[in-house]
Amino acid sequence: MKAQILTFAAACLLFSCTQKPVQNPKIAVKYPDTQKVDQKDVYFGTEVADPYRWLEDDHSAETAEWVKAQNAVTFGYLDQIPYRADMEKALSTMWNFPKEGTPWKKAGKYFFSRNNGIQNQFVLYVKDALDAPERVLIDPNTLSKDGTVSLGGLGVSKDGQTVAYALSTGGSDWNEIHTKTMDGKDLPDVIKWVKFSGIAWYKDGFFYSAYDAPTGSALSQKNEYQKVYYHKMGTGQSQDILVYEDKTSAQKMFYAGTTEDEQFLILSASKGGEKGNTLMVRKLDGNIVGPFKTLVDKFGYDCSVVENLGDDLFIHTNENAPNNKLLKINFNSPQLTFTEVIPEKEDVLQGTSFIGNKIIASYLHNAASKISVFAQDGKYEQDIQLPEIATISGISGDKESNEMFYSYMSFTNPGCIYKMDVSTLKSEVYKETKMAFQPSKYICEQVFYPSKDGTPIPMFIVYKDGMKKNGKNPVLLYGYGGFNVSLTPGFSISRMLFLENGGVYVMANLRGGGEFGEKWHEAGTKLHKQNVFDDFIAAAEYLIKEKYTEPQKLAIQGGSNGGLLVGACMTQRPELFAVALPQVGVMDMLRYHKFTIGWAWETDYGSSDKKEEFDYLLKYSPLHNVKEGVCYPATLVTTADHDDRVVPAHSFKFISELQAKQKCDNPVLIRIETMAGHGAGKSTEKTIKEVTDSWAFTFYNLNMEYKNPVK
């Protein structure tokens with residue numbers, strides 16, 4: 001009898017076997033030798049070693065060599081993942097669809113940004129009317145060969161003849177303000193050493209905030225004594241008028257703004273270690289410098305002027321209102337009496353826009369957008385109905401017109417821009433984003449799960465239709481949990497690669513964020529920060545319990561404060577996760593406040609300069625909780641050499657500890673981007689390469705089978 005050769009699939013049918021899951025072979029890694037120094041610090045009698053202190057000097061030759069060696073190991077590892085190159089091609093194809101921002105109007109002209117597909121940076125366009133031809137106003141892609149110059153803040157003069165705009169190079173927080181005429185002619189006015197600033201026009205110039213030119217290495221730059229200036233067009237920066245400074249407080253930051261009618265100059269001040277801000281206002285009567293009237297003189301709560309109607313100023317605040325409210329005060333009132341316009345509600349009031357004769361109020365309801373319409377006296381009129389759980393952004397319009405624009409986006413919908421007539425509250429599609437993937441193929445559900453202390457935490461779960469709860473699905477769990485930042489539904493084309501390959505994307509709305517107001521934020525700060533990590537860990541445990549996944553298939557990701565989240569959770573519960581992706585994270589909680597703008601984060605973290613807070617920080621600081629003899633998840637730390645917000649030393653020191661102490665053969669690597677910063681303004685090319693590497697690392701270490709979704 002002839003021998004029969006059965007295919008594996010046919011054999012399974014005959015003998016009831018099951019196909020084995022993918023098990024990728026381990027890729028051997030030899031980490032660079034990282035020098036240790038005998039550095040010890042004493043905090044309140046407790047000695048803490050810091051053997052990698054030398055890596056804090058990110059400009060030294062020794063650190064540069066270390067970076068080169070680490071990248072060689074990391075890219076050597078990534079090069080061995082068989083589908084990495086194909087994955088980059090797929091992502092480049094998927095990315096290549098037009099994306100457009102919500103239009104806004106100033107001085108009779110319409111402005112909007114657009115990326116035709118894979119341009120490195122968005123281009124700013126202008127039109128003289130909504131139906132008029134568009135023209136390029138600012139194209140950052142022409143300002144550098146590698147796409148590392150990005151457009152930041154923007155201000156248009158009241159007469160619509162001149163634009164001032166901020167440019168950043170290599171992702172740095174440092175900006176230069178440039179100017180040009182509306183027909184595209186560059187002007188000689190350039191302002192340097194600008195950081196965390198607005199551009200507020202008044203007559204023939206603008207207000208801005210800046211620091212003195214820094215000296216010395218990045219290690220010694222403290223970003224202190226910010227000042228407010230006024231620049232008159234046609235003059236040099238050395239002639240700019242000093243409008244405000246505080247020589248008694250190094251850690252105050254000032255944000256200057258003018259009302260649309262240029263009647264008022266608004267000055268908001270925040271301070272390191274203090275919650276909230278103070279608020280000063282003065283009438284602009286032709287004099288650049290003059291006395292301010294203080295509306296809010298104490299820190300402790302947030303407040304901002306959102307609009308004026310004549311001498312009436314409208315103020316958004318959370319004073320005695322954790323979910324925020326809208327107040328009104330008359331500038332000429334001798335008693336500074338505030339009256340309530342929109343009271344605090346159960347949902348969080350995110351912002352208000354005065355358009356036509358209405359107030360358009362945006363709320364958060366269970367971490368998703370809700371829009372309500374009020375009369376200018378605060379009388380509620382109606383809600384704007386939304387078709388699904390989504391995020392509304394880019395609300396634009398002005399008091400003199402009933403024309404309003406807003407953008408709509410969800411986890412499964414790449415977005416749509418609507419134009420609304422405020423007089424009738426009727427909306428119509430203005431621009432719809434088109435892409436190859438059909439939203440109907442994906443499902444988004446929202447669940448509430450109990451944290452360690454029983455607090456219900458909301459979580460969004462997104463997957464392709466047909467997913468089965470068999471406990472074997474690859475899951476990426478994402479979180480942030482800090483600084484009153486709210487995570488709301490949003491679309492990501494790179495996420496489609498994961499979903500198309502059977503992945504489940506999960507976003508948890510942790511305490512520390514702003515999804516449920518200031519109380520929710522405070523519950524995840526300082527001596528309550530562990531709540532955030534408990535919320536994230538509980539999310540993972542819920543996903544396992546409910547059979548979405550298992551520890552061997554679970555990856556976690558977060559950036560900046562979210563990088564701290566990942567670092568803390570992977571050191572507290574290393575057995576719970578297969579992959580960890582901490583991005584530009586705050587990892588050294590004892591020294592974070594000593595670099596650049598780090599001191600401003602003490603409101604959320606506390607400080608190692610205080611005994612009680614030091615004891616608490618030491619317990620969860622990722623850098624100080626990497627232990628010998630522990631098997632940590634496969635980890636890809638990402639950072640950038642131009643990150644002057646969360647300096648790369650955090651990531652450098654953390655990965656050094658991991659590599660020195662990792663017990664098992666799970667890879668612990670660091671990817672260090674060059675000519676890039678904290679994240680904003682990164683070129684599309686660099687973004688695609690970084691996303692490719694993160695996905696390739698994740699797929700490989702979750703033992704996922706990769707299929708190109710665009711073939």
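View A. Helices (H or I, at least four residues) and strands (E, at least two) are DSSP runs, numbered from the N terminus. Residues are numbered from 1 along each chain as its sequence is written. As the model is predicted, local features need pLDDT of at least 70 and side-chain atom pairs count only at pLDDT 80 or more, while totals for chains, interfaces and linings use all residues; side-chain values use heavy atoms, with hydrogens and water left out.

**View B. Surroundings of leucine 477.** Apart from neighbours within four places in sequence, leucine 477 is in contact (heavy atoms within 4.5 Å) with Met459, Val506, Ala508, Phe536, Ala539, Ala540, Leu543, Leu554, Ala555, Ile556 and Gln557.

**View C. The eight-stranded open sheet.** The strand order is S32-S33-S35-S34-S36-S37-S38-S39, with mixed pairing; two strands pair if DSSP finds at least two bridges between them. Strand S32 (442–450) and strand S39 (668–673) are the edge strands, each pairing on one side only. From one strand to the next the twist averages 20°. Strand S33 (residues 456–464) pairs with strand S35 (residues 504–508) in the antiparallel sense over four bridges, and valine 462 stands opposite tyrosine 505 in S35.

**View D. Helices H4 and H11.** Helix H4 (residues 493–500) lies across S32, S33, strand S34 (475–478) and S35, at about 125° to S35. Axes are lines fitted to C-alpha atoms, for helices over the stretch in contact, and angles run from 0 to 180 degrees between N-to-C directions. H4 and H11 pack at about 20°, with axes 11 Å apart. The two helices are therefore roughly parallel to each other (angles under 35 degrees; over 145 is roughly antiparallel, 65 to 115 roughly perpendicular, the rest oblique). Ser494, Arg495, Leu497 and Phe498 of H4 meet Val691, Trp695 and Phe699 of H11 in this contact.

**View E. The four-stranded open sheet.** Strands S28-S29-S30-S31 follow in that order, with antiparallel pairing. Strand S28 (391–396) and strand S31 (426–432) stand at the edges with a single partner strand each, so one side of each has no neighbour in the sheet. S28 and strand S29 (residues 403–409) pair over four bridges; threonine 391 has methionine 409 in S29 as its bridge partner.
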